[in-house]
Amino acid sequence: MRAQGIWLRSCSVLGLVFLYLPIAVLMVFSLNASRLSAAWQGFSWQWYEILWRDDALRTAVGNSLLVAAVSTVIVMLLGVPAAMGLERVRSRWRGWLEPIVLLPLVIPEVMMGVALLMLFAVLQMPLSLVTVIAGHAAFNLPVVIVVVRARLQKLDPRLLDAAYDLGATPWQGFWRITLPLLVPALLGAMLLAFTISLDDFIVTFFVAGPGATTLPLRVYSMIKSGVSPEINALSAVLVAISMGLVGLSLLIQRR
Amino acid sequence: MMSESPAHNTDGEARAAAYWLLAPGLCWTALFCVLPMAVILLVSFATRGTYGGIVWDFSLENYGDLLHLLYGRIFGQSLLLAALTTILCLVMGFPLAYYIARLPPRRQAVWLVLVMVPFWTNFLVRTYAWIFILRTEGLLNTVLVKLGLISAPIEILYTNAAVVLGLVYGYLPFMVLPLYAAIERVDRSLIEAAWDLYADRWPVFWRVLVPLTKPGIVAGCLLVFIPSLGAFVTPDLLGGARSMMVGNLIQHEYLIARDWPLGSALSIVVLTLVTGAMSWYFRAHSAADRARRAS
């Protein structure tokens, strides 16, 4: 038994090392002074300074934030009512509607990208940030619905019944009872949709027009043009941001 | 006496409200997901114009073309690499998931977060990390040469091995989480009884743990296999010219060869595979659920 415990423990620690070592290596070498970054040549912040002055990168960050913000607002406005609706429809219909609503979750991203590209080609819609936003809202909608629905199913229906018995209208019931109880799920869903949109590369790659470069598209073209300490520095910044977002979502869930 | 309150609205009225709530979201998904799928289904039966684009006539030519040796090879390779990725994730993920599931609850939460955090890091960045480590002048080769373990750098990047490594790295959390959920649900006393009966590691594992956690194993395998099969970024960045996968082939047909009908036929085939696997899983899952509830 004892030997097994040690074996399991070392396997698991090795698993974590496997998950973290590559990221840690990037972060360390983003501070390397050498341009030929395989050997350590001393400490330097210079690559971060170069990043800070990169105008193309700034535009890309701006585009990414815009796309993430607008698509998140769209999926929240569509997804929250949809989750409430889905909970209330007759179960016979739910069996049909549920797979349609959740469809974007199971479609591989490349297919989602090319299918949207074909749609915009057939509709003769020029590719731009607008098409990117539409695509992001499409794959994030089921994410919001799943998160909000999970919370709705846990709410005590007697609270709403009590409000109605005291004379509340459905609208008041929503604003005063359901919505306040949903707040943690809403914040979680928002954060999730925002992060997924910010990180998306594949769908964006297919439906972004010229001049609609987002941050992941910019990172991709940087990687394609070869390894450089600037990408290491950018990676380190992105890792730090995602860890911050994870921390934030954990804090929200704890409440 | 019943009081007059909205809760006692006729059922029909409440139901109608439900459909109104659902309608906008449903329309969005219909427009930007169902309709695009219908479009590629239609396009897959059309033919390519002389200068790219689509000629709307009906033919099965594209599906016939897919039987071509080259496409068959890429398809076979994708299935193989995705299967290998799934097996490696299972082998690495099971001990990790088992270990986490047996920790005290507080430490379980910490370990689960630790497993999830890399998953929330940008996929491109995580793939790039492997380029940095594996390339000829990269960290691994530099270290190995300095240690005198190898005399000249070895080629790892731009091979199938690098692709599988990248995929395992990317999708390991997808395996660990469902496995953890399944193992955590297993009654500890069953495992202890098994230890008393068999007193050996392997029978306990194969005859008790595996059957009891089968739903989690199947879910984890699907969650890893499906995105691996449709992978695009990993083979694109870590693979060489010979490690093309279906995702890259589709991208190539759409954006470089500009043969939209052929690309669409390819997408339809992959989609059929994926949705087939998913619906099989859900049917098996709900059947098992019903059986459990009935007993």
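Helices here are DSSP runs of H or I with at least four residues, numbered from the N terminus. The model is predicted.

**View 1. Arg258(B) in the loop between two helices of chain B.** The loop joins helix H12 (246–256) to helix H13 (260–294) of chain B, and Arg258(B) is found there. Its phi is near 50°. That is a positive value in a residue other than glycine. Most residues other than glycine have a negative phi. Arg258(B) has 15 other C-beta atoms within 10 Å, so Arg258(B) is partly exposed.

**View 2. Tyr158(B) and Gly148(B), two residues with positive phi.** Tyr158(B) lies between helix H6 (139–146) and helix H7 (160–185) of chain B, in the loop. Phi of Tyr158(B) is near 65°, again positive in a residue other than glycine. Tyr158(B) has 19 C-beta neighbours inside 10 Å and therefore counts as partly exposed; burial would need 20 or more. Gly148(B) follows H6(B), and its phi is positive, near 80°. Within H6(B), the buried residues are Leu139(B), Leu140(B) and Asn141(B).

**View 3. Helix H5 of chain B, a largely enclosed helix.** H5(B) covers residues 123–134. Its 12 residues should span 16 Å at 1.5 Å a residue. The end C-alpha atoms are 17 Å apart, which agrees. Of the 12 residues, 11 are buried, so H5(B) is largely enclosed by the rest of the structure. The buried set includes the aromatic side chains of Tyr128(B), Trp130(B) and Phe132(B). Arg126(B) and Thr127(B) are buried too.

**View 4. Leu69(B) and Leu124(B), a pair 31 Å apart.** Leu69(B) belongs to helix H3 (residues 69–101) of chain B. Is Leu69(B) buried or exposed? Leu69(B) has 7 C-beta neighbours inside 10 Å, so it counts as exposed.

**View 5. Helices H3 and H6 of chain A, packed at about 40°.** H3(A) runs over residues 55–88 and H6(A) over residues 129–154. Their axes are 6 Å apart. With that angle, the two helices are therefore oblique to each other. The crossing is right-handed. The contact of H3(A) with H6(A) has 21 nonpolar residues, five polar and two charged.

**View 6. Helices H4 and H6 of chain A, packed at about 115°.** H4(A) spans residues 91–106. The axes of H4(A) and H6(A) are 8 Å apart, and their crossing is left-handed. Which residues make the contact? From H4(A) come Val101(A), Leu102(A), Pro104(A) and Leu105(A). From H6(A) come Ala138(A), Phe139(A), Leu141(A), Pro142(A) and Ile145(A). This contact divides into nine nonpolar residues, no polar and no charged.

**View 7. Chain A against chain B.** How many residues of each chain are in contact? The contact involves 72 residues of chain A and 73 residues of chain B. On the side of chain A, helix H1 (residues 2–29) gives the largest share, 13 residues. That side divides into 54 nonpolar residues, 11 polar and seven charged.

Terms used:
Residues numbered from 1 in each chain as written. Chains lettered and ligands numbered in written order. Predicted model: local features only at pLDDT ≥ 70, side-chain atom pairs only at ≥ 80, totals over all residues. Axes fitted to C-alpha atoms, helices over the stretch in contact; angles between N-to-C directions. Parallel < 35°, antiparallel > 145°, perpendicular 65-115°, else oblique. Left-handed = near helix turned anticlockwise from the far one by under 90°. Nonpolar A, V, L, I, M, F, W, Y, C, P; charged D, E, K, R; others polar. Contact = placed C-beta atoms within 7 Å. Expected span 1.5 Å × (residues − 1).
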